[in-house]
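Here is a short report on one protein chain. It covers charged pairs, packed helices and the chain as a whole.

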Amino acid sequence: MASVPSLAATVRQRVAEALSAALPEAASADPLLRRSDRADFQANGMLALAKKLKGNPRELAAKVVERLPGVAEGDEDRVIAGIEVSGPGFLNITVADEAIIRTLAARAADDRLGVPYAEHPGTTVIDYSQPNVAKEMHVGHLRSTVIGDAIVKILEHRGEKVIRRHHIGDWGTQFGMLIQYLIEHPHELDHAADAPSAAGGESGEAAMSRLGRLYRESRALFDSDEEFKQRARDRVVQLQAGDERTLELWRKIVDESMIYFHAVYDQLDVEIRDEDVVGESAYNDDLHQVVKDLESSGVAVRSEGALCVFFDDVKGPDGKPVPLIVQKSNGGFGYAATDLAAIRNRVGELGADTLLYVVDARQALHFKMVFETARRAGWLPEGAARQLAFGTVLGKDGKPFKTREGETVRLVDLLDEAVERATAVVREKSQGAGLTEEEIAERGAQVGIGAVKYADLSTSMSRDYVFDLDRMVSLNGDTSVYLQYAYARIQSILRKAGDAKPLPHPELSLAPAERALGLHLDEFAETLESVAETYEPHKLAAYLYGLASHYTTFYDQCPVLKAGDAATVENRLFLCELTARTLHQGMALLGIRTPERL
């Protein structure tokens, strides 16, 4: 089905046409239409236009009113019910009730709710959720995973080709250290050999806890024993050279970590596919060519033995230039080389038009330098790469979220507690609803994980936010639980409707709460378009909270099943059903479940 023009788009077009008819020289002028608390919409474009043409804005506005079609009652395509000139030359525009219902009926007839596909879809590679092998996932991994997953869903819904990449940390010095420790402590190898065949979350977490312990022990030895440090560094060289014994142990470590990662992702209700996990190791064979090309082109130069790229605007506290180090003086490669190889692959081989990196804001300088280096080398078109920088998760004390012992909070512990809190809320609210313990547990997981995701996604990604589970699982305020309960309430009404069906009735007059809900429902498609263009999922969260709030007012002020006459019952059921469908679609794009019963 073709996309459904919003009421705002229709009104904007009609005002623009009237403006052009009243003043031909203003044919391309923007009427500057926006939502208003004085009417449904306000057009402010006459002020700027009159100033430009040295005319009277009120007189120009009056001429536009005379040229506007569809104001007279009874017109078959009536959109505008009323219009008045206000203040220095504003146009206050009220939309006809029948136009609201007609537009919503067209949206309801479409599986996509009238949301169009992108006119010119491209190919986007999005790099998100990049945990480190042999380390447990912590609260810092939450934001990249949740934000990235939502953006993937939103872009795919728009018809974009989206290639996911999880640039996991699976290469480098730490693996030489860990592998050498395993070789020198052979009793640990028995565990390492068994774990990859294990299945399920518990075995994955146990394997990861053991790897975490081994990592800490090997790190302590690396820091305290110079001879072990040298052996570990030699092991890195053997790893990079493809020594089979070293690679076999490396694969075991990666396999154990992947079992654990998938267990965490399953709990977080995020799909991570093995073919999208392309870690640092995948680019190892390309690094020498990256170095060769950068040096031969003059983009990078040798400085104190290291291969560096310098920037006029990047200097240290002492005023000296701070370079991007592509290759260390000892011949080793840093993160920059791998990131540059990834860019070459993603643009040159995967055909990406756009590269997105959902990465902590503290890495902004690194990515600025990497992007500029790739651009200078001719590997990255101007403006094709963008870091979607996110802020820090804070504790209630306003400091980075830590345990009482000052340790980083494990992600699984955080998710477990969220589900436990949410399950208690569901159990309390569902008394008398006949839910089984299994159903309560299932809904508790959906509500708890949804609460964690929504708290993150409802915050502008560049901002820090406080992780407060008490607020997150509250039934009141801007929480996913509030939205989920609004959805479940609608499903309850629809189940109780009996023979009454949700049907639109454009001939009916609408109550103020019905109008407000209807106008907000009509903004869904434009909201999604804006979110997809700016990569700001918090705008979708804000829209959905506004929708649930409008529905709550509608529910309080407009009886549905006891409306009095059949047509009003059907029309209000229609508004209920469309609200539920919109909530369900919007929440799904954020990666949040909408239980039918709560």
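Asp293 is partly exposed, at 24% relative accessibility. Here buried means under 20% relative accessible area, exposed means over 50%, and partly exposed lies in between (1.4 Å probe, protein chains only). Asp293 forms a salt bridge with Arg344, and their closest N and O atoms are 2.7 Å apart. A salt bridge is a side-chain nitrogen of Lys or Arg within 4 Å of a carboxyl oxygen of Asp or Glu. This pair links distant parts of the chain: Arg344 sits in helix H12 (residues 335-349) and Asp293 in helix H11 (residues 287-297), 51 residues apart. Arg344 is also partly exposed, with a relative accessible area of 23%.

The model is predicted, so local features need pLDDT of at least 70 and side-chain atom pairs count only at pLDDT 80 or more, while totals for chains, interfaces and linings use all residues. Residues are numbered from 1 along each chain as its sequence is written, and side-chain values use heavy atoms, leaving out hydrogens and water.

## More charged pairs

Why can such pairs form? Side chains of opposite charge can pair when their charged atoms come close. In this chain the count comes to 37 salt bridges.

Lys539 and Glu536 meet in a salt bridge, 2.8 Å from N to O. Lys539 is partly exposed at 33%, and Glu536 is partly exposed at 24%. Some salt bridges share partners: they join Lys396, Glu417, Arg421, Asp468 and Asp470 into one network.

Asp470 and Lys396 form a salt bridge of 3.3 Å, N to O. The two are 74 residues apart: Asp470 is in helix H16 (residues 469-472), and Lys396 is in the loop between strand S12 (393-394) and helix H14 (411-429). Asp470 is partly exposed at 46% relative accessibility, whereas Lys396 is exposed at 59%.

Two packed helices are described by the angle between their axes and the distance between the axes. Axes are lines fitted to C-alpha atoms, for helices over the stretch in contact, and angles run from 0 to 180 degrees between N-to-C directions.

How do the axes of H19 and H20 cross? The axes of H19 (residues 524-534) and H20 (residues 537-557) come within 8 Å and cross at roughly 160°. That makes H19 roughly antiparallel to H20. Angles under 35 degrees count as roughly parallel, over 145 as roughly antiparallel, 65 to 115 as roughly perpendicular and the rest as oblique. Residues of H19, including Phe524 and Leu528, meet residues of H20, including Pro537 and Tyr543. Contact means heavy atoms within 4.5 Å. The residues of this contact divide into 6 nonpolar, 3 polar and 1 charged. Ala, Val, Leu, Ile, Met, Phe, Trp, Tyr, Cys and Pro count as nonpolar, Asp, Glu, Lys and Arg as charged, and the others, Gly among them, as polar.

## Helices H15 and H17

H15 (residues 437-457) and H17 (residues 480-496) pack at about 130°, with their axes 8 Å apart. H15 and H17 are therefore oblique to each other. H15 brings Gln446, Val447, Gly450, Ala451 and Tyr454 to the contact, and H17 brings Ser480, Val481, Leu483 and Gln484. These residues divide into 5 nonpolar, 4 polar and no charged.

## The whole chain

The chain has 21 helices and 13 strands. Helices (H or I, at least four residues) and strands (E, at least two) are DSSP runs, numbered from the N terminus. Of its 598 residues, 52% count as buried.
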